[in-house]
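Please keep the sequence and the model in view while reading.

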Amino acid sequence: MTKRSVIKFGGTSVGDFPKIKNIAKYLANRANNGEELVVVVSAMGKTTDELLKNVDLLSKEPDQHDLALLLTTGEQQTISYLAIALKELDVKAKAMTGFQAGIKTKGHYMKSKILEVDNEAFKKAFCSNKVVVVAGFQGMNADGELTTLGRGGSDTTAVAIASSLETSCEIYTDVAGVYGTDPRIYPAKRIDVVSFEEMMEMSALGAGVLETRSVEIAKNYHVPIYLGQTLSDERGTWIMPQKDILEKKAVTGVALDKDMHYVTFSYPENDATLLKQLFILLEKEEINIDMISQIVNEDGLQLSFTMKDTDTVELKHIFDTLHKEFTELNYVVKSDYVKVSVIGSGMRDMSGVASKVFMTLLENDIEFYQVTTSEISISYVVDQTNGVLAVEKLCEAFGL
């Protein structure tokens, strides 16, 4: 039976035409050795950022449908270029947009979720092709409209396709696997194997290596992920079920989330209706919030939480809606904080991790303003100026 593989290349990997040509040669070699390949690609380099800058020249609050339609063009350029490069090497290849590849989505235009992947398109394409090049980050909703999958959506595309085809997923980027922390901050060791749970926590808490939803799909559908450096012989990292990993470390990694805002809503009364409407609107706008804290005293109600800095437009919509009924409602968004998180599945069975983190921050005069925990993680909000220092000291403390 012919081996079928799903491979994903990130934006930096396809950032220019020499890189695309080199990737085409690599894929041609694998295809000529008998593999059938589904190759998911992102937009080239900073293409998406450039498109968003162009939009800023026209509108500060563009229609989300129009914006999604525009952003899908970035990946469509890449699939066309790569398919052309492959055909120059006499490799039979077919380029497909997300909707042509049967990726069905639901939800918000700009951050849809994958409903299902209809793999009939791949079966048909492989009748006459060795490589199918798919645009990541996009799909089509039930109304036949193009949607995007949000930040890191190409990872999600690749893993969803791998689950549909019942195979593993290889993701290649500009780093050689998963490290104990961002190697640009601290020279942490590369991790050979990490569990789905730990990777989900690391991604959700700002590690930035993989998109959280992609790891969640992998966990739910038992899709092993290999993360490696593009066109490198250096060994990467396997992400797989916890049961397949023999050695559990108390702390696997330290994550720094710089792309967050710290939001505080305040109202002079303790009004349950306000809270209910707030959370209904947060769900409607598909804003994920974290580190929630609530204070009720003689000054009224105060609710604080952290959120991604990409959701500020939607947050303003929520506030404007609530303010019509709750005229004394105020909110403040602070961007001078970061979130530092310690992650490790061994925390379940090993005591002393929380106290060690606490003492490390205190001994280095790093103030923290909010703390939240899960079974395998502890997160702190600290001043932006102390973020890197906190990561360095925690990595030293846990030998990462």
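A nonpolar core is here a set of buried Ala, Val, Leu, Ile, Met, Phe, Trp, Tyr and Cys residues joined through side-chain atoms within 4.5 Å. The model is a predicted one, and the values below are computed from it. In the largest nonpolar core there are 38 residues, of which Val-38, Phe-122, Val-134 and Ile-161 touch the most other members.

**The largest nonpolar core**

- Two or more residues of this core come from each of strand E2 (36–41), helix H4 (120–125), strand E6 (131–135), helix H5 (153–165), strand E9 (169–173), helix H6 (196–204), helix H7 (212–221) and strand E13 (225–229).
- Helix H5 gives the most to this core, contributing six residues.
- Once residues up to four places away in sequence are set aside, Val-134 touches Val-38, Val-39, Val-40, Val-41, Ile-79, Met-96, Ala-101, Ile-103, Phe-122 and Ile-161.

- Lys-8 has its place in strand E1 (residues 4–9), and because its relative accessible area of 8% is under 20%, Lys-8 counts as buried.
- The side chain of Lys-8 makes a polar contact of 2.8 Å with the side chain of Asp-155.
- Beyond its neighbours within four places in sequence, Lys-8 is in contact with Val-40, Ser-42, Ser-154, Asp-155, Ala-158, Glu-170, Ile-171 and Tyr-172.
- Met-347 lies in the loop between strand E20 (337–343) and helix H10 (353–363), and with 12% relative accessibility Met-347 also counts as buried.
- Not counting residues up to four places away in sequence, Met-347 touches Ala-250, Val-251, Val-342, Val-353, Glu-375, Ile-376, Ser-377 and Ile-378.
- Although Met-347 and Thr-252 are 95 residues apart in sequence, their C-alpha atoms are 9.8 Å apart in space.

**Salt bridges**

- The count of salt bridges in the model comes to 16.
- One of them pairs Arg-4 with Glu-36, with the closest N and O atoms 2.7 Å apart; this pair links distant parts of the chain, since Arg-4 is in strand E1 and Glu-36 in strand E2, 32 residues apart.
- Within that pair, Arg-4 is partly exposed at a relative accessible area of 27%, whereas Glu-36 is buried at 12%.
- Another salt bridge joins the side chains of Lys-113 and Glu-286, at 3.9 Å from N to O.
- Lys-113 lies in strand E5 (residues 113–117) and Glu-286 in the loop between helix H8 (272–284) and strand E17 (289–297), so this pair ties together parts that are 173 residues apart in sequence.
- Lys-113 counts as partly exposed at 41% relative accessibility, and Glu-286 likewise counts as partly exposed at 22%.
- Glu-211 forms a salt bridge with Arg-213, the closest N and O atoms being 3.4 Å apart, and both Glu-211 and Arg-213 are buried.
- Through salt bridges that share partners, Arg-30, Glu-35 and Glu-170 are joined into one network.

**A nonpolar patch on the surface**

- Phe-17, Tyr-81 and Ile-84 form a nonpolar patch on the surface, and together these residues have about 290 Å² of accessible area.
- Ile-84 is found in helix H3 (residues 64–88), and because its relative accessible area of 53% is over 50%, Ile-84 counts as exposed.

Notes:
Residues are numbered from 1 along each chain as its sequence is written. This is a predicted model: local features need pLDDT of at least 70, side-chain atom pairs count only at pLDDT 80 or more; totals for chains, interfaces and linings use all residues. Side-chain values use heavy atoms; hydrogens and water are left out. Helices (H or I, at least four residues) and strands (E, at least two) are DSSP runs, numbered from the N terminus. Buried means under 20% relative accessible area, exposed over 50%, partly exposed in between (1.4 Å probe, protein chains only). A polar contact is a pair of N or O atoms within 3.5 Å; within protein, one must be able to donate a hydrogen and the other to accept it, and residues adjacent in sequence count only if both atoms are side-chain atoms. Contact means heavy atoms within 4.5 Å. Patches are made of residues with over 30% relative accessible area and no salt bridge: like charges are joined within 9 Å, nonpolar side chains (Val, Leu, Ile, Met, Phe, Trp, Tyr) within 5 Å. Accessible areas come from the Shrake-Rupley method with a 1.4 Å probe; for residues, only the protein chains shown count as cover. A salt bridge is a side-chain nitrogen of Lys or Arg within 4 Å of a carboxyl oxygen of Asp or Glu.
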